[in-house]
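Here are my notes on the model, as promised. Have it open while you read, and take the points in order.

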Amino acid sequence: MTGVFAAIWGLFGGFCAEGLGFYIAVRHKVTWPWRARGGPSLLVYASAELVRLIIGAGLAWAFAASGQIATPVAALAVGVAAPLLVERLSQAGPLTVGESAAPRLARPARRPGETNPGRAGSTSSGTANP
């Protein structure tokens, strides 16, 4: 899938998520969100929606360009989840030089006289423990 098609599907995913939020807001307030008491102005509301849609499209494009997604459904899911993805990625923090993103596994403790801690019953003399 090309980046452009992924971006279109990501845009649609963002539209689905925001459209559902818009629908809920209108049903709950029984008016347009920008006309509700204490709500944002139309310009602020439209700007926030536009930014959200661009983020969804951009992330879907980036995921497709890096080979992480290959289907329209995956691009749509990235568009829907864009705010959560950005939030989680921003909380992850940078890696330092030489640090791996993979979790580190603890090495098993050695018993006295044991040369190969990965094999139960091995000793430095090469004989099995009784």
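1. From the N terminus on, the elements run α-α-α. That comes to three helices and zero strands, where helices (H or I, at least four residues) and strands (E, at least two) are DSSP runs numbered from the N terminus. Bear in mind that this is a predicted model, so local features need pLDDT of at least 70, side-chain atom pairs count only at pLDDT 80 or more, and totals for chains, interfaces and linings use all residues. Residues are numbered from 1 along each chain as its sequence is written, and side-chain values use heavy atoms, with hydrogens and water left out.

2. Of the 130 residues, 19% are buried; buried means under 20% relative accessible area, exposed over 50%, and partly exposed in between, with a 1.4 Å probe and protein chains only. Among contacts (heavy atoms within 4.5 Å) between residues at least 6 apart in sequence, 53% join residues at least 24 apart.

3. Helix 1 covers residues 3–29, which is 27 residues, and its first and last C-alpha atoms are 38 Å apart, close to the 39 Å expected at 1.5 Å a residue. The expected span here is 1.5 Å times one less than the number of residues. Gly3, Ala6, Ala7, Gly10, Gly13 and Gly14 are its buried residues, and they pack against helix 2 (42–65) and helix 3 (72–92).

4. Val30 sits in the loop between helix 1 and helix 2, and its phi is near 60 degrees, a positive value in a residue other than glycine. Most residues other than glycine have a negative phi. Val30 counts as exposed because its relative accessibility is 70%.

5. Helix 2 has 24 residues and reaches 34 Å from first C-alpha to last, close to the 34 Å expected. Its buried set is Tyr45, Glu49, Arg52, Leu53, Gly56, Ala57, Leu59, Ala60 and Ala64, with helix 1 and helix 3 included in what covers them. Just after helix 2, Gly67 also has a positive phi, about 80 degrees.

6. How do helix 1 and helix 2 pack, and at what angle? The angle is about 145 degrees and the axes are 7 Å apart; axes are lines fitted to C-alpha atoms, for helices over the stretch in contact, and angles run from 0 to 180 degrees between N-to-C directions. Helix 1 brings Gly3, Val4, Ala6, Ala7, Gly10, Leu11, Gly14, Phe15, Ala17, Glu18 and Phe22 to the contact, and helix 2 brings Tyr45, Glu49, Arg52, Leu53, Gly56, Ala57, Ala60, Trp61 and Ala64. By type, these residues divide into 13 nonpolar, four polar and three charged. Here Ala, Val, Leu, Ile, Met, Phe, Trp, Tyr, Cys and Pro count as nonpolar, Asp, Glu, Lys and Arg as charged, and the others, Gly among them, as polar.

7. Gly10 deserves a look of its own. This helix 1 residue counts as buried because its relative accessibility is 0%. Its contacts, leaving aside neighbours within four places in sequence, are Gly56, Ala57, Ala60, Ala75, Leu76 and Gly79. Gly10 and Gly58 are 48 residues apart in sequence, with their C-alpha atoms 7.6 Å apart in space.

8. Setting aside neighbours within four places, Arg52 is in contact with Gly14, Ala17, Glu18, Gly79, Val80, Ala82 and Pro83.

9. The largest nonpolar core has eight residues: Ala6, Leu59, Ala60, Ala64, Ile69, Ala75, Val78 and Ala82. A core here is a set of buried Ala, Val, Leu, Ile, Met, Phe, Trp, Tyr and Cys residues joined through side-chain atoms within 4.5 Å. Helix 2 and helix 3 are the elements that give two or more residues to this core. Beyond its neighbours within four places in sequence, Ala75 is in contact with Met1, Ala6, Trp9, Gly10, Ala60 and Ile69.

10. Last, Leu85 in helix 3. Leu85 is partly exposed, with a relative accessible area of 26%. Apart from neighbours within four places, Leu85 is in contact with Leu59, Phe63 and Val78.
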